[in-house]
Amino acid sequence: MGHASHKTFEWILETPESNAETESIKSPVRDLLLSGNGVFHIAGKLGSGKSTLMKFLKKDHRTTELLEIWAAGRQLVIATFFFWKPGTKMENSIHGLIRTLLYDVLKQCPELISLVFPDEWQE
């Protein structure tokens, strides 16, 4: 399986002014990151690049920059999980999803640990 070019998904975060070739492309993902309203559903066949697109968005600094504008000074918490069907039970289950997202949130907001796990915190 080949690797996608690092420029494959550039269009999804660019503004029309930033690239003359994409002037007619309006990015609904960029708008969603700035507004925080709605859901952007990505669907496609197995191997079509859905996870690659999401990993691009996760790693690209512009995603965080756009979300920080949306957060308007509030603490921004980003948690991610990628299902991996041939992986372990934790890598392909809802249980693994919840544990991973909870870990990501508590790692970024340790002040919440005592609220989420009060009994364990007492010990």
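The model is predicted, so to speak of local features a pLDDT of at least 70 is needed, side-chain atom pairs count only at pLDDT 80 or more, and totals for chains, interfaces and linings use all residues. Residues are numbered from 1 along each chain as its sequence is written, and side-chain values use heavy atoms, with hydrogens and water left out. The protein chain has 6 helices and 0 strands, where helices (H or I, at least four residues) and strands (E, at least two) are DSSP runs numbered from the N terminus.

**Overall picture**

- Read from the N terminus, the elements of the protein chain follow the order α-α-α-α-α-α.
- Of its 123 residues, 23% count as buried; buried means under 20% relative accessible area, exposed over 50%, and partly exposed in between, with a 1.4 Å probe and protein chains only.
- The protein chain exposes about 9600 Å², and carbon and sulfur atoms supply 59% of that area. Accessible areas come from the Shrake-Rupley method with a 1.4 Å probe, and for residues only the protein chains shown count as cover.
- Among contacts with a separation of 6 or more in the protein chain, 41% come from residues 24 or more positions apart; a contact here means heavy atoms within 4.5 Å.

**Salt bridges around Arg-62**

- The structure holds 2 salt bridges, each defined as a side-chain nitrogen of Lys or Arg within 4 Å of a carboxyl oxygen of Asp or Glu.
- One of them pairs Arg-62 with Glu-10 at 2.9 Å, N to O. This pair links distant parts of the chain, with Arg-62 in helix H3 (residues 61–71) and Glu-10 in the segment before helix H1 (28–35), 52 residues apart.
- Arg-62 also forms a salt bridge with Asp-60, where the closest N and O atoms are 2.8 Å apart. Through shared partners, the salt bridges join Glu-10, Asp-60 and Arg-62 into one network.
- Are Arg-62 and Glu-10 buried or exposed? Both are buried, and Arg-62 has a relative accessible area of 16%.
- Asp-60 is buried too, with a relative accessible area of 12%.

**Helix H4 and Asp-104**

- Asp-104 lies in helix H4 and is buried, because its relative accessible area is 17%.
- Leaving out residues up to four places away in sequence, Asp-104 touches Ile-78, Ala-79 and Thr-80.
- Val-77 is 27 residues from Asp-104 in sequence, and the two are 8.3 Å apart in space, C-alpha to C-alpha.

**Surface features**

- Leu-102, Leu-112, Leu-115 and Val-116 make up a nonpolar surface patch with about 320 Å² of accessible area together. Patches are made of residues with over 30% relative accessible area and no salt bridge, like charges being joined within 9 Å and nonpolar side chains (Val, Leu, Ile, Met, Phe, Trp, Tyr) within 5 Å.
- Leu-102 sits in helix H4 (residues 94–108) and counts as partly exposed at 32% relative accessibility.
- Trp-121, in helix H6 (residues 118–122), is exposed, with a relative accessible area of 52%.
- Setting aside neighbours within four places in sequence, Trp-121 is in contact with Ile-113 and Ser-114.
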